[in-house]
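Here is a short tour of a protein model, written to be read with the structure open beside you. Let us walk through it together.

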Number of protein chains: 2
Amino acid sequence: MTASFENLRRLSGLLAPSGEAASTGGRPPARFAFNPQARVAVGVDLGATHGNVALTDLHGRVLSEAAERVDITAGPVVVLDRVAATIGRLLDAAGRGAGDLAGIGIGVPGPVEHSSGRPRRPPIMPGWDGFDVPGHVRRHWDVPVLVDNDVNIMALGEHVTAHPGLDHLLFVKVATGIGAGIISGRRLLRGAVGAAGDLGHVAAPHAPDVLCACGNTGCLEAVAGGRAIIRQLTAAGVPAATNSDIVALVHGGNLVVAQALRQAGRTIGEVVATCVSLLNPELVVIGGSLAGAGESLVAGVREVVYGRSLPLATGHLQIVTATSGFQAGVIGAATMVVQHTLAAERVDRELANSG
Amino acid sequence: MTASFENLRRLSGLLAPSGEAASTGGRPPARFAFNPQARVAVGVDLGATHGNVALTDLHGRVLSEAAERVDITAGPVVVLDRVAATIGRLLDAAGRGAGDLAGIGIGVPGPVEHSSGRPRRPPIMPGWDGFDVPGHVRRHWDVPVLVDNDVNIMALGEHVTAHPGLDHLLFVKVATGIGAGIISGRRLLRGAVGAAGDLGHVAAPHAPDVLCACGNTGCLEAVAGGRAIIRQLTAAGVPAATNSDIVALVHGGNLVVAQALRQAGRTIGEVVATCVSLLNPELVVIGGSLAGAGESLVAGVREVVYGRSLPLATGHLQIVTATSGFQAGVIGAATMVVQHTLAAERVDRELANSG
């Protein structure tokens, strides 16, 4: 009467909630017909100034993609209509029609109520708060539309492309903002209202009383995010205006910038150490535009996390920089669609059997 | 072809991994025969000096229980043999036999590798580290034996008995040690090696350099745990030797003790605030022997968490003291068995259908 742990794990992985289904790794059961080339998915990664769109197969492999400059403050109607048109061009170019489209996954820069696909404040731009993103996109493409925040889809993309064998991964985006995407038991952990991973406004220990845009002081991103580093560099006579400038300067061998990044890494590391104790991940991945700065930042994170955590939690822990880069967002967004499709087809079969 | 979110959730809840299955709330599907009175489960809660054992039905309702004084340092063979004998007495008294026993759930005071049921250091007592708890117990009772740490089973027990409708709950045990049990998406989050929730050795922000038993300084439980409070009270001329003394003193109206508890609550609150931002729970439950001190402690936690977190994460967040008290541990341990039994029976049926 008692099934093995392995059977429980195998089946439960195939039947996870929509958009959260685990990659199963193995072959689907014999009666479960699934052809990954039969249909295509679309992944969309929206940032403050970019809109990346990719067409993938149902393995999550990118077939074609388009990168556009987008002004997110133009509001959801303008931005999403443009994305919908881009999707049409990608489908046309691939010789695919609307009937081949399994769904559309979209990442937006801010918290999202995953079940409704509606963004929530903060820090989403005005006009987006509460907007029915799936409803609007379905006016153009009548398929399942799944929406999540940009850090979650980056975590999903990095998991699928670079670390598919791991069960527990913490992805930390370090850019102008700082946030985390949590993969726990192969699933994205979203929390009660989709706000999980919102580390940017955690109090940075030992931090100066810097005022944050949220109205509080000493928030992690006010102390160790891109703007804070630019402010420090400017004060030290090193001109930098963007995160790209910071990355270029450190690659050019500027020691002041390397020191600032290392210190930011230490500050982020103090918060990550608490996250490691709480979540016990196998891997911490540092991503986002400042992760491109390489070792200075991640060395600071490592220094504090390994110094501050118990041996049990860090004995096998690795802390690395993200590898999937530009594509992590679109692949993660498309992965939501792939997992939704797998789970939905499986559940339909279950219901047919038990009905 | 596309199943609804509700169907995905309903089925996935029934088919979660062993020991992590969600309480489904609703009626099982029509073809799933399950009679909660047909068999019984045993829940065991082991502490440094106590061994509580309960017999429950497969709803997790306690049928009978026994509380014994146990010396955990006597080692696993002595302690588990004694527990096995107690289980026999409870079964006899209830007129049940070994064939009625669905399984045994055991909570131990320290991290556990859940898949093997082997405790891990720290802080488990010598002799327990790596000991095959399920293997030894099965020499007496040849049934599934599930082992987890005491904080996780308290979280599970509190969830099942007091907050069964919630999906995301953070349970924080405040006693001599400090630790957390995370219910996320109705499942216990255990992490890569079963060390998730290990908050006791997180660096307490703004904390003095107090040496901790782990060898580090400024750890949360070295600053705000029972021993730290007793040390402060002794220095202030208020004699207290145990956590029970602290609770009795504050109930007697001692203001020095109330202030010490409030400050401990604030310190714990700084770490809990980070946990709230990371996990976005619906509810934080403060349990453990010092939670019996009532409002002083939890008021300190609330003060900092509400002051330090973003409105999105705390808008609907409640912070309360545990209500299930003494029974949370044994009920949580028995709940592991109930969930395992439900999941195993369901999976066997799935395999039979798809084979």
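## A helix and its cover

In chain B, the cover over the buried residues of helix α7 includes α6 (226-235), α8 (255-279) and α9 (295-308). This is a predicted model, in which local features need pLDDT of at least 70, side-chain atom pairs count only at pLDDT 80 or more, and totals for chains, interfaces and linings use all residues. Residues are numbered from 1 along each chain as its sequence is written, chains are lettered from A and ligands numbered from 1 in the order in which they are written, and side-chain values use heavy atoms, with hydrogens and water left out.

Helix α7 of chain B spans residues 243-251, and its buried residues are B:N243, B:I246, B:V247 and B:V250. They lie on the same side of α7(B), because they cover an arc of only 95 degrees around the axis (taken from the directions from the helix axis to the C-beta atoms). An α-helix has 3.6 residues a turn, so residues three or four places apart point the same way. Just after α7(B), B:G253 has a positive phi of about 90 degrees.

Buried means under 20% relative accessible area, exposed over 50%, and partly exposed in between (1.4 Å probe, protein chains only). Helices (H or I, at least four residues) and strands (E, at least two) are DSSP runs numbered from the N terminus. Contact means heavy atoms within 4.5 Å.

| Residue | Relative accessibility | Side-chain polar contact |
|---|---|---|
| A:H136 | 9% | A:D81, 2.7 Å |
| B:K173 | 17% | B:D150, 3.1 Å |

A:H136 is part of helix α3 (residues 133-140) of chain A. Not counting residues up to four places away in sequence, A:H136 touches A:V77, A:L80, A:D81 and A:F131.

B:K173 sits in strand β8 (residues 169-174) of chain B. Beyond its neighbours within four places in sequence, B:K173 has contacts that include B:D150, B:V151, B:M154 and B:I178. The glycines B:G179, B:G287 and B:G288 are also among the residues that B:K173 contacts.

How values were computed. A polar contact is a pair of N or O atoms within 3.5 Å; within protein, one must be able to donate a hydrogen and the other to accept it, and residues adjacent in sequence count only if both atoms are side-chain atoms.
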